[in-house]
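Biologist: I have not looked at this protein before. Can you take me through it in plain terms?
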Amino acid sequence: MKFFKARVLLWPAALLLVLLGGGAAAAFASGGLNALALKSLFTSSSSERDSQVVQAVTRVQEVALLSLHIEGIDRYESNREIFGVAIPASEKTTLLQYKFDAKLGVDGAKVKVERTGPESLRVTIPESKFIGFDNPVFEDALESGNPLSWLAEPAVQTRMVNNILSNENKQKYISQNEEALKEQAKAYYSGIIASVAPEVTLDFDFAG
């Protein structure tokens, strides 16, 4: 009889454990949901915008007469000095290999065609100019130096590229190919005029 009484008294304790367990599970589930809800409040996002406005449109009539394939290596040397005296073994050399296609030609808007006779015309060609470049390739710069070369000023690759495409170099390309540019200009404009008036005799005059 005592044993049965003891068993009866165990039921409230078991029921209490079930209730507590259920409450803990509910609290855990509720806490998990709250954590998910809280996490959803803190999201991250990023965006990038590029806004451009065309301020003006200019009509150009540039005529490309020659295309030059240019390849070369630009060399930059530097060292560290103290009071104007170079520190021994501080020399550094940077090499930049490059290639591109340079386009040379004339401003077609400045070409003049004048009649000099019943069947003759004079074509005046302006000075040649550097129109642009295509297919540029600039390799990663290579450095070499002496044990103390880390003291020397490092080369700036963008500055080296700007030096390669400087106005001085552009003018050099034009000067080295001036005769070829003249011959190509004659052939180009002779072909245009001959397609309209094949009987006309042409005389070319080059500026500069």
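This is a predicted model: local features need pLDDT of at least 70, side-chain atom pairs count only at pLDDT 80 or more; totals for chains, interfaces and linings use all residues.

Biologist: How many helices and strands does the protein have?

Modeller: There are four helices and nine strands. Both are DSSP runs numbered from the N terminus: helices are H or I with at least four residues, strands are E with at least two. The order from the N terminus is α-β-β-β-β-β-β-β-β-α-α-α-β.

Biologist: And how much of the protein is buried?

Modeller: Of its 208 residues, 25% count as buried. Buried means under 20% relative accessible area, exposed means over 50%, and partly exposed is in between, with a 1.4 Å probe and protein chains only. The accessible surface is about 15800 Å², and carbon and sulfur atoms hold 56% of that. Those areas come from the Shrake-Rupley method with a 1.4 Å probe, and for residues only the protein chains shown count as cover.

Biologist: Let's pick a helix. Which residues of helix 4 are buried?

Modeller: Leu-181, Ala-185, Tyr-189 and Ile-193 are buried in helix 4. They sit on the same side of helix 4, because they cover an arc of only 90 degrees around the axis. The arc is that of the directions from the helix axis to the C-beta atoms.

Biologist: What do the buried residues of helix 4 pack against?

Modeller: They pack against strand 1 (62-78), strand 4 (92-107), strand 6 (120-125), helix 3 (167-176) and strand 9 (201-206). Glu-183 counts as partly exposed, because its relative accessibility is 48%.

Biologist: Now helix 3. Which of its residues are buried?

Modeller: Asn-169, Tyr-173 and Ile-174 are the buried residues of helix 3. They cover an arc of only 145 degrees around the axis, so they are on the same side of helix 3. Asn-167 and Glu-168 are exposed on the other side. The cover over the buried residues includes strand 1, strand 4, strand 7 (129-138), helix 2 (157-164) and helix 4.

Biologist: Why is Asn-169 counted as buried?

Modeller: Asn-169 counts as buried because its relative accessibility is 18%. Not counting residues up to four places away in sequence, Asn-169 touches Asn-163 and Ile-164.

Biologist: Changing topic: how much space lies in the largest cavity?

Modeller: About 60 Å³, and the count comes to one cavity of 30 Å³ or more. On a 1 Å grid over the protein atoms alone, a cavity is a set of points where a 1.4 Å probe fits but cannot get out; a pocket is an open set with protein on both sides within 12 Å along at least five of seven lines, and lining residues have an atom within 4 Å of a point. Grid points are joined across faces, edges and corners, and a volume is the space filled by probe spheres set on the points.

Biologist: Which element gives the largest share of that cavity lining?

Modeller: Helix 4, with four residues. The lining residues include Leu-65, Val-106, Leu-181 and Ala-185.

Biologist: And the largest pocket?

Modeller: The largest pocket holds about 180 Å³ of space. Helix 3 and helix 4 are the elements that give two or more residues to its lining, and helix 3 gives the most, with three.

How values were computed. Residues are numbered from 1 along each chain as its sequence is written. Side-chain values use heavy atoms; hydrogens and water are left out. Contact means heavy atoms within 4.5 Å.
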